[in-house]
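Colleague: Could you walk me through this structure? I would like to learn what the labels rest on.

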Amino acid sequence: MSDVIACIDGSPAATRVCDYASWAAKQLDAPLTFLHVLDHSRYPVESNLSGNLLLGGRETLLTELSELDAKRNKLALEQGRLLLESVVQRATDAGVETPKQSQRHGNLVETLGELQTQTRLLVIGKMGEEHAGEAAQIGDHVELVLRAMHKPVLVVPSDFTPPKSFMIAFDGSPTCRDGVAMLASSPLVAGLPCHLVAVGGDEQVQEEMARAESVLTEAGHQVQSVQLEGEVEPTLHHYRQENGIDLVVMGAYGHSRIREFLVGSTTRKMITNAKVPHFVLR
């Protein structure tokens with residue numbers, strides 16, 4: 001069975017990632033694995049002090065620098081290990097059975113790519129520890145992960161609240177249609193009221209919305225379909241806020257009015273200004 005993979009680092013988002021990952025794992029009845037990646041660009045396995053060769057015979061200094069790097073890496077590994085233990089305990093307390101932990105040394109995006117075949121859902125914080133404290137931003141790694149992953153990604157921006165309703169930002173694209181079919185059969189949002197929302201769109205989008213509403217209704221969801229006008233990103237956020245929706249579902253790449261923005265900016269804007277988790281489909 002594929003796992004819910006939760007990316008953990010030393011940022012304040014770690015506990016929220018843990019809580020949403022625990023919620024998702026229980027909803028999906030799927031194994032949960034917490035992943036901590038020690039980035040090799042910040043913590044290289046072997047120190048590269050070639051740039052200090054001009055120091056000439058100061059071998060003692062080079063040795064001390066190398067030892068300092070080794071000690072720094074060792075401390076970072078230990079910090080990651082303790083962090084993993086803390087989130088495993090938190091997930092266990094939340095009712096998750098035998099959550100697993102994994103610590104790797106490498107590049108986050110490459111590591112997640114290697115784990116795709118065993119990933120059912122990826123949970124990641126909106127901002128990592130490199131950007132902790134910055135307001136209304138999105139971590140560099142999040143954008144890279146969204147572009148690289150071929151699995152659904154839950155981007156967690158705020159305090160944990162178990163979702164009681166969800167909104168699908170619908171554009172009629174194949175990704176969105178597949179996402180509707182997937183959600184309709186998924187226990188992740190089983191029984192939750194659904195808002196099917198499009199911004200703009202032609203008759204084809206209206207027809208696709210009607211089909212999507214039928215699929216979701218047959219799956220037991222109470223569905224409210226709305227077609228709005230305006231700028232895509234602020235219109236969707238405004239509707240979500242007005243209706244107290246606590247989970248947004250959207251495709252990473254769409255078409256029509258949204259497409260010209262989605263290839264880069266609308267996905268980024270939606271997540272940058274997100275106050276609730278965004279479930280990004282691929």
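Modeller: Here are some questions about the labels, each answered with its definition.

Modeller: This is a predicted model, where local features need pLDDT of at least 70, side-chain atom pairs count only at pLDDT 80 or more, and totals for chains, interfaces and linings use all residues. Residues are numbered from 1 along each chain as its sequence is written, and side-chain values use heavy atoms, with hydrogens and water left out.

Colleague: Thanks! How many helices and strands does the chain have?

Modeller: The chain has nine helices and ten strands. Both are DSSP runs numbered from the N terminus: helices are H or I with at least four residues, and strands are E with at least two.

Colleague: Why are helices α1 and α2 called oblique to each other?

Modeller: The axes of α1 (residues 13–28) and α2 (residues 59–93) come within 10 Å and cross at roughly 40°. Axes are lines fitted to C-alpha atoms, for helices over the stretch in contact, and angles run from 0 to 180 degrees between N-to-C directions. Angles under 35 degrees count as roughly parallel, over 145 as roughly antiparallel, 65 to 115 as roughly perpendicular, and the rest as oblique. The pair α1 and α2 is therefore oblique.

Colleague: Which residues make the contact between them?

Modeller: On α1 they are Ala14, Thr15, Cys18, Asp19 and Ser22, and on α2 they are Leu83, Val87, Arg90 and Ala91. Contact means heavy atoms within 4.5 Å.

Colleague: What makes Asp171 buried?

Modeller: Buried means under 20% relative accessible area, exposed over 50%, and partly exposed in between (1.4 Å probe, protein chains only). Asp171 has 5%, so this residue is buried. Asp171 sits in the loop between β6 (166–169) and α5 (174–184). Its C-alpha atom is 9.9 Å from that of Gln204, 33 residues apart along the chain.

Colleague: Is Asp29 buried or exposed?

Modeller: Asp29 has a relative accessible area of 61%, so this residue is exposed. Asp29 lies in the loop between α1 and β2 (32–39), and has a positive phi of about 55° although it is not a glycine.

Colleague: And why does Thr98 count as exposed?

Modeller: Thr98 has 68% relative accessibility, so the exposed label applies. Thr98 is found in the loop between α2 and β3 (100–106), with a positive phi of about 45° although it is not a glycine.

Colleague: What share of the chain is buried?

Modeller: Buried residues make up 49% of the 282 residues.
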